[in-house]
Amino acid sequence: MATYTLKIRRFDPQSGQAARWDEHTVELEPRKSVLDAILKIRDEVDGSIGIRCSCQQAICGSCAVRINGRPGLACNTHLEQAAGRWGGAQSVIDDGRSVIEVEPIGNMPVIRDLIVDMDAVHWRKIQRVTPWLVNKEPIPEREYVVPRESMIDITQTMACIQCGACVSDCLSMEVDPLFIGPAALAKAYRFVGDPRDAQRRQRLLDLSEDPHGIYDCTHCFNCVDACPKDVAPMDQIMRLRRIAGSDEGIVDRNNGYRHEHAFVKNIRRNGLLHEADLLADSYGGKLKPAAARELLSSMPIALKAMTRGKMTPATTLLHTHKAPSEVRQVFDQIEGRKERLEFNIFISGRDDELEDEPAGAAAAVSAGTTDRAGSAGAERGGEGER
Ligand code: SF4
Ligand code: SF4
Ligand code: FES
């Protein structure tokens, strides 16, 4: 047994009172979960604590909270893990106590205590991406036959349990609440990547043209860190962009496609990112009226950067850095390919399980071509999709 101090954020918007922190001490095994501790406190000390939970097995997705400042599932987080590895600013272990702060996930309105309004944000965004398969016609007499590789490709997104942990810490959503967001965009990839879906191009066009769509993500990685199911929503968003831009040739009105290609051009030319060219190139070059407008509007930021020594007129206008030949070779090799290769494999399990297998099987799994890869995908797909 070990002793933990739980600080639980309490808030009832109906009461008109400000939020407060309640502190409780519990004695539990370190391998018990944060949810176990909250439920024990609720059962034995204060029955009014609001928390949503059901399966207690990391399956239903209902118990997402912030624990020591990081989003995750309360039922899937051991107390020792929360108090140690996740030690945030408030979990300083003073006078021998392990302090664990629990608060509701972010970017969603609080209904009460640790319960947030998933309908107001999360489910509304999921509805936004047409979260169902639109059948290709004609419908076959029996069933659609889908290549195994295609299903493996979307298995990762099918593992989502709709907990909202990724939405909680999405930086883009904090700035732009209308951003479709990581969970819904990962869901969109689930159908874009499905060969049975009839609306692949329409979906991509829609998500590219929407100013709050795929090009609104700032690659902060928070959703990747937050996801308890390794869905890696940011990776799915990048896949949507690559398919939209490189395979479907969609040049969006938000300039997302051009901006990405300006990055590539910039690195190919300079080897390092030269930001002064980036903005103009994203708008078609310095002489284009749209680029001039953008350059003018960014002058206050440029002046601030100069006063702080981050930029000088010389480095901005007269840069002479050229990409080394190795960088150019990488570009030549990739751009010289006849078709864009992308292989997304998602296998759940642990390294020690892999070590127990015969060497041949392990090697084949890492190459992503085996029955095991396929069956792992099928298992996860069967239990995970909602
Ligand atoms: S990577 Fe993109 S989608 Fe993910 S949390 Fe950051 S801004 Fe949001
Ligand atoms: S992508 Fe991950 S974090 Fe986001 S809702 Fe799905 S399971 Fe939860
Ligand atoms: S209670 Fe179901 S995921 Fe935690």
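Predicted model: local features only at pLDDT ≥ 70, side-chain atom pairs only at ≥ 80, totals over all residues.
Residues are numbered from 1 along each chain as its sequence is written, and chains are lettered from A and ligands numbered from 1 in the order in which they are written.

View 1. Helices (H or I, at least four residues) and strands (E, at least two) are DSSP runs, numbered from the N terminus, and two strands pair if DSSP finds at least two bridges between them. The five strands follow the order β2-β1-β5-β3-β4 with mixed pairing, and the edge strands, each pairing on one side only, are β2 (20–28) and β4 (70–73). From one strand to the next the twist averages 35°. Over nine bridges, β1 (residues 2–10) pairs with β2 in the antiparallel sense, and Ile8 has Asp22 in β2 as its bridge partner. Helix α1 (residues 34–44) lies across β1, β2, β3 (64–67) and β5 (98–104), and runs at about 105° to β2; angles run from 0 to 180 degrees between N-to-C directions, and axes are lines fitted to C-alpha atoms, for helices over the stretch in contact.

**View 2. The packing of α4 against α7.** Helix α4 (residues 148–158) packs with α7 at an angle of about 160°, the axes being 9 Å apart. The two helices are therefore roughly antiparallel, a term for angles over 145 degrees. The contact (C-beta atoms, placed from the backbone, within 7 Å) is made by Ile154, Thr157 and Met158 of α4 and by Ala186, Lys187, Tyr189 and Arg190 of α7.

**View 3. The surroundings of ligand 1.** Ligand 1 is surrounded by 14 residues, of which the closest are Cys170, Ser172, Cys217, Cys220 and Cys223; a residue is near a molecule if its C-beta atom, placed from the backbone, lies within 6 Å of it. At least two residues of this shell come from each of α6 (171–175), α9 (222–226) and α10 (233–247), with α10 giving the largest share, three residues.

**View 4. The surroundings of ligand 2.** Around ligand 2 there are 15 residues, and the closest are Cys160, Cys163, Cys166, Cys227 and Val231. Both α5 (165–168) and α7 (182–192) supply at least two residues of the shell, and the largest share, three residues, comes from α7.

Notes. Contact = placed C-beta atoms within 7 Å. Parallel < 35°, antiparallel > 145°, perpendicular 65-115°, else oblique.
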